[in-house]
Amino acid sequence: MIQLNRPQNPDIQENMWDKIDEIINSNKNKAGSVITVLRECQNIVGYLPLDLMDYIATGINIPASHIFGVATFYALFSLKPKGRHTIRVCMGTACYVKGIKEVMDRIEQEFKIKAGETTEDRRFSIEAVRCLGACGLAPVLVVDKDTHGGVSSDKIISILETYK
Ligand code: FES
């Protein structure tokens, strides 16, 4: 069992560090375990802060540059905190012609963020995505697992207000 110095990170509580240590210890000498370790640690913390990646690198004895390289290569990893809710706004053609741009503008204006960012209170992350496969409902956005079709810039804020 390794004993590493845990960095001070306000997003990582002691019980999270305990779980992270378990993940590191159970993957320590396994070849090709980097992605597994990063994915499981991200599941615990919600994202991969730099000090956590350094900690993992020391724990599984792999250069930090390699860990960072893997974390930045794969889209499934996030190096920034995510909001409690993720809004995926479809910018595909069908949604675009039905006015999704105005909906996106309204969200960005209301929550003072741009696509790809997270609100300061970490309530929402917003992403611009391509066709969500629900063109018949255009314009469409998805909040977490909820699909909202026929959205408009007038209605969108009251819909989002239900996500605390
Ligand atoms: S273009 Fe938006 S769901 Fe297809």
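**Entry 1: the fold**

I counted seven helices and four strands in the chain. Helices here are DSSP runs of H or I with at least four residues, strands are E runs of at least two, and both are numbered from the N terminus. The model is predicted, so I note that local features need pLDDT of at least 70, side-chain atom pairs count only at pLDDT 80 or more, and totals for chains, interfaces and linings use all residues. Residues are numbered from 1 along each chain as its sequence is written, and side-chain values use heavy atoms, with hydrogens and water left out.

I then read the order of elements from the N terminus: α-α-α-α-β-α-α-β-β-β-α. Along the principal axes, the C-alpha atoms fill a box of roughly 55 × 30 × 20 Å.

**Entry 2**

Two packed helices are described by the angle between their axes and the distance between the axes. I took axes as lines fitted to C-alpha atoms, for helices over the stretch in contact, with angles from 0 to 180 degrees between N-to-C directions.

Helix α1 (residues 14-27) and α2 have axes that come within 10 Å and cross at roughly 170°. The two are therefore roughly antiparallel; that label needs an angle over 145 degrees, while under 35 is roughly parallel, 65 to 115 roughly perpendicular and the rest oblique. On α1 I listed M16, K19, I20, I23 and N27; on α2, T36, V37, E40, C41, I44 and V45. Contact means heavy atoms within 4.5 Å. By class, I get seven nonpolar, two polar and two charged residues. The classes: Ala, Val, Leu, Ile, Met, Phe, Trp, Tyr, Cys and Pro are nonpolar, Asp, Glu, Lys and Arg are charged, and the others, Gly among them, are polar.

**Entry 3: α1 with α3**

I looked at α1 and α3 next. They pack at about 40°, with axes 10 Å apart. W17, I20, D21 and I24 of α1 meet L52, Y55, I56, G59 and I60 of α3. Seven of these residues are nonpolar, one is polar and one is charged.

**Entry 4: α2 with α4**

Which angle do α2 and α4 make? The axes of α2 (residues 34-45) and α4 (residues 64-73) cross at roughly 70° and come within 10 Å. That makes α2 roughly perpendicular to α4. The crossing is right-handed. I noted V34, I35 and L38 on α2, and H66, I67, V70 and A71 on α4. This contact has six nonpolar residues, one polar and no charged ones.

**Entry 5: backbone checks**

I found a cis peptide bond between A138 and P139, with omega about 0°. P139 lies in the loop between β2 (124-129) and β3 (141-143). N61 has a positive phi, near 60°, and is not a glycine. N61 sits in the loop between α3 (50-60) and α4.

**Entry 6: the largest pocket**

The largest pocket holds about 180 Å³ of space. I listed its lining as S78, K80, P81, K82, G116, E117, T118, S125, I126 and E127. Two of the lining residues are nonpolar, four are polar and four are charged. A pocket is an open set of points on a 1 Å grid over the protein atoms alone where a 1.4 Å probe fits, with protein on both sides within 12 Å along at least five of seven lines; lining residues have an atom within 4 Å of a point.

How values were computed. Points joined across faces, edges and corners; volume = space filled by probe spheres on them. Left-handed = near helix turned anticlockwise from the far one by under 90°.
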